[in-house]
Amino acid sequence: MSLLAVDNSWLMGLTLPEWTRLAAVVTGSLVGAEFAVKRGFDPVGVFGLAFAQGLGGLMLLELLLLNGTPLFLQEPKYLIGTSVAAVAGFFFAHLLSRSYPLLMALDALAMGFLVCLGVDAAVSLQLPPLSAIFLGTLAATGGLVLRDVLAGQSPNLLRPGVINGAAAFVGAIVFTLTFQFTELPSGLEQVITVCVVFAVRMLAIWRGWSTQPTRDISDAVWDRLGLPEPGAPKAMPEVDEWTW
Amino acid sequence: MDVVISLAHLVSTLAENVPAAADGPSKVLNLPGPIEAMACTTGALSGALHASRKQLDVMGVLAVAVCTAVGGGAIRDVLLNSGIPTFLVSPQLLLYALFAATIGTIFAKAVVHFEPVMAVVDTLLIGVWVVIGVQKSLLLGLAPVAVIFVGVVSCIGGGVLRDILCRDRPEAFAPGTLYGAAAFAGAVTYVVIFELGGTVWLCVTATLVVSSALRIAALKFGWATPAPIPLRRASAKRP
């Protein structure tokens, strides 16, 4: 591996072994390829979406933190991994669809790994806790959002549905809190985080926990406080009238 | 009222910064905390209001709001490749964004009432974003055109990111009230005055005044950016 005068110091601080990163990338690519095949994309599209979902989170993380060429361009195994996954997805998407629960389980694990990667990076760069939580969530969910944007649909992650991004968010919070407030041996925090993310995601899929559209609680709070009604408009203006 | 106080603070900081130019021309002006906080808060509030009309879930609204608040700065810092983006290094920016996003999510109806205030603040902030972007790239010794580009991108980046995540056509690109254009004018003003040898003080003030004045005038007189204007001979007919 040739380092092109790159400040990779945060990469050295990572605790999880490297295969977890590769595994997360390949799993993400498989999910992305399956998604693309189901929607009838052509081979380029399947490749594109597999790359986007597999490498998206890692790429965003490296864009923000790395001062140089992204890692996935320096180490060919990531691109080879996504390519193999994309080819496999293109020809065997039906098998993937049939074993979707297994794929989702792997995806939950991958999400845990990526959360650890993001938070680890922030920790070894000594960034503040809130940044660590942000980076962990971004690393785990960036690929999914990028895939949906490229596929031309509204990001699934942001819409009401089975808990997905929240699992990564919770995992990142758990990691950051355990790092800040406990003296656990290095490595145990990561294991706990992966377990938490996996558990939350799997339970959400199994029990069908899903998120709701946001609700406005102004009226309830205003009633409770006995404040006069602020004369809120009954219906909010349409987005088109929103000028700024 | 807060706006006035913050502006007064800005002016006083500007005045303090001028003597620092004794050892060579100072190119940078550290914006005071309240201005940065306001920039983040307003961005997050506008993002949250926008997103809560889109039937997103809590994570979605928070994500869109935070991206709106810090997106412009993040894109700027990634483009300039000048180390880790500011919003990740300084602990307070994400906190402001997250706080404002939460308020904007659960009290959207109440926050809508402050829309006019937020519009005014937002107008003043165009210049602030431009100044931050322009100064950062001037420090790196970029060419004037690049400096202007970075200034505009750091101003409209957050809004564009918000619209992409909400799957709208980016407002900044659609014909409408001048926003990107005001930023562009502000950035050009800064660079021109800087190249003519003006002090930081003059550059910043002129940028803030030009971009806000342009935006306010556009809102007042209903100026809008035009749709594409095809230049062709009168006789030429579209096939």
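1. Quick definition before anything else: helices here are DSSP runs of H or I with at least four residues, and strands are runs of E with at least two, numbered from the N terminus. On that basis, chain A of this predicted model reads α-α-α-α-α-α-α-α-α-α from the N terminus on. The tally for chain A is 10 helices and zero strands.

2. A couple of numbers on how chain A packs. Of its 244 residues, 44% are buried. Looking at contacts in chain A with a separation of 6 or more, 76% come from residues 24 or more positions apart.

3. Now the contact between the chains. Chain B puts in 38 residues and chain A puts in 35. On the chain B side, the elements giving two or more residues include helix 2 (33-52), helix 5 (91-106) and helix 8 (144-165). Helix 3 of chain B gives the most to that side, with eight residues. Sorted by class, the chain B side that touches chain A has 23 nonpolar, 10 polar and five charged residues.

4. Then there's the largest nonpolar core, which has 142 residues. Which residues have the most contacts inside it? They are V115(A), A65(B) and A97(B). As background, nonpolar side chains in soluble globular proteins tend to be buried together.

Key: Residues numbered from 1 in each chain as written. Chains lettered and ligands numbered in written order. Predicted model: local features only at pLDDT ≥ 70, side-chain atom pairs only at ≥ 80, totals over all residues. Contact = placed C-beta atoms within 7 Å. Nonpolar A, V, L, I, M, F, W, Y, C, P; charged D, E, K, R; others polar. Buried ≥ 20, exposed ≤ 12 C-beta atoms within 10 Å, placed from the backbone. Core = buried A, V, L, I, M, F, W, Y, C linked by C-beta atoms within 7 Å.
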